[in-house]
Amino acid sequence: PSAGSLTPANNTVKRFMLWLLVVYVSVPFLVKLCPSIQAKLVFLNFVRMPYFIDLKRPLDQGLNHTHNFYLEAEVGLRIGVWHTVPAHMWREAQEKDGDWYDSMLSSTHPVILYLHGNAGTRGGDHRVQLYKVLSSSGYHVVTFDYRGWGDSDGSPSEGGMTSDALFMYDRLKQRLNKTPLYIWGHSLGTGVATNLVRRLCDRGSPPDALILESPFTNIREEARSHPFSMVYRFLPGFDWFFLDAITANNIRFASDENVNHISCRLLILHAEDDTVVPFHLGQKLYNMAAQSKSLSGHKVRFVSFPSSLSYRHKFIYRSPELPNILRYRLSEHFQGILIEFLYNFQEIMFNLQDIFIEFWDIFM
């Protein structure tokens, strides 16, 4: 063919490349002019995967010992909740109502309040698989969709997500005796979790432990490290175009600041091959937590999972060691209670001894 016959194809390629260039250049300005776009990209609450799940029927996801219900977190704001009881209760749980599930919270089995990450719902597959692992290990798992997610009302914001988590925590705490209550956050949920625990510690009522799965330091560092930012990361003005747009929406999720105000046991889980929240961010947060004055005297642990396991961002639940890791945490909790009991018992015995000596001196 002649050189002239290639011209239409060349023109098509040129037009396509020009179109790509226009889009590439336009996106930063669009995000800067409409910061709400960046907020949607952080929350991704409009992404519902799997799409056709009926959140009213956790049984469809293989959870035959889970109760779906709705609570009013604020006036006119309803959020969807799942409560999964320990797996050995599954027979007893059949056809039971919410009152029965609430009554089971007074059992000796620990409770985990699970705070999920962005995108999807409380019925996301990797989340459901984790509930099953935790349930099989003897935990109650209570999870919910923040305002704006799933079948919950409202629209998302960092403050709203934290308020919803605080509402759920307080409701659980009212129904528990001395049963341990753990807070577990994953991905974006780790930012919610540290916000929540900071509030709890500020008011003098910390949880029994905080578990962070695939955490980051703060949302700006996470956004800079996210694979979606790769094509713009080295663009002059990246922070001004993209990161400042996040800050303009009052989105911070500053876990690196929060760890300086947290005073409870802390466990961090992170896979080395996590590309969504890079491993180095979890490690950096751990290093900050290990040096935190508020966490001194509390157990701070970091458990890494090698790349060879391919757990990436959301498959740590596949680890056969996970129940043992958590069981160790649980034993630490009861070990602390036992030590406190023995210490108090010793004090009582010393006091009784002093009373007996005084009694002996008086009457003898």
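I take helices (H or I, at least four residues) and strands (E, at least two) as DSSP runs, numbered from the N terminus.

**Basis.** I am working on a predicted model, in which local features need pLDDT of at least 70 and side-chain atom pairs count only at pLDDT 80 or more, while totals for chains, interfaces and linings use all residues. Residues are numbered from 1 along each chain as its sequence is written, and side-chain values use heavy atoms, with hydrogens and water left out.

**Annotated span.** I looked up residues 16-34, which UniProt lists as "transmembrane region" in an unreviewed entry; UniProt positions are given in the numbering used here, feature names are shortened, and annotations may be inferred rather than shown by experiment. In the model I find this span to be 95% helix and 0% strand, with its end C-alpha atoms 26 Å apart.

**Salt bridges.** I searched the whole structure for salt bridges (a side-chain nitrogen of Lys or Arg within 4 Å of a carboxyl oxygen of Asp or Glu), and the search returned 12.

I then looked at arginine 122 and aspartate 151, whose closest N and O atoms are 2.8 Å apart in a salt bridge. This pair links distant parts of the chain, 29 residues apart, with arginine 122 in the loop between β3 (111-115) and α5 (125-136) and aspartate 151 in the loop between β4 (140-144) and α6 (158-175). Both arginine 122 and aspartate 151 are buried, where buried means under 20% relative accessible area, exposed over 50%, and partly exposed in between (1.4 Å probe, protein chains only).

Next I noted the salt bridge between arginine 203 and aspartate 170, at 2.4 Å from N to O. Aspartate 170 belongs to helix α6 and arginine 203 to the loop between α7 (188-202) and β6 (209-213), so the pair ties together parts that are 33 residues apart in sequence. Arginine 203 is partly exposed at 45% relative accessibility, and aspartate 170 is partly exposed at 22%.

I also checked glutamate 221 and lysine 284, a salt bridge with its closest N and O atoms 2.9 Å apart. The pair joins helix α8 (residues 219-225), which holds glutamate 221, to helix α11 (residues 279-290), which holds lysine 284, across 63 residues. Glutamate 221 is buried at 19%, whereas lysine 284 is partly exposed at 33%.

**Cysteines.** I looked for disulfides (pairs of cysteine sulfur atoms within 2.5 Å) and found 0. Cysteine 201 is buried at 13% relative accessibility, and cysteine 264 is buried at 3%.
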